[in-house]
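Here is a short note for a first reading. Please keep the structure open beside the text.

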Amino acid sequence: MNKIVVMIIMATAFLFVSCEKEYLCVCKDLNSGEITEGDKVKTTKLGKKGFEKSCKSNSTEHKNCVVQ
């Protein structure tokens, strides 16, 4: 019984972590309002956190970058 419960938990965790999605870094020029697309990455939700950090590091006082 315990083995079945552990296997179900592991399978659920695997599906949650392993599902990849495509994320895009989008930057908006705060002066002109122009929107530019940056890097595109296909990763898991865990990998998205690192990509968000990288994307936001492109922001300046005149440019705001976010992951979509």
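The points below go from the whole chain to single residues.

1. This is a predicted model, in which local features need pLDDT of at least 70 and side-chain atom pairs count only at pLDDT 80 or more, while totals for chains, interfaces and linings use all residues. Residues are numbered from 1 along each chain as its sequence is written, and side-chain values use heavy atoms, leaving out hydrogens and water.

2. The protein has two helices and three strands, in the order α-β-β-α-β from the N terminus. Its radius of gyration is 18 Å, well over the 11 Å that the globule rule gives for 68 residues, so the protein is more spread out than a compact globule. That radius is taken over C-alpha atoms, and the rule is 2.2 Å times the number of residues to the power 0.38. Helices (H or I, at least four residues) and strands (E, at least two) are DSSP runs, numbered from the N terminus.

3. Along the principal axes, the C-alpha atoms fill a box of roughly 60 × 15 × 15 Å. Of the 68 residues, 16% count as buried; buried means under 20% relative accessible area, exposed over 50%, and partly exposed in between (1.4 Å probe, protein chains only).

4. Val5 lies in helix α1 (residues 2–18). With 41% relative accessibility, Val5 counts as partly exposed.

5. Cys19 sits in the loop between α1 and β1 (21–29) and is partly exposed, at 47% relative accessible area. Leaving aside residues up to four places away in sequence, Cys19 touches Thr43 and Thr44 (contact means heavy atoms within 4.5 Å). Cys19 and Gln68 are 49 residues apart in sequence and 17 Å apart in space, C-alpha to C-alpha.
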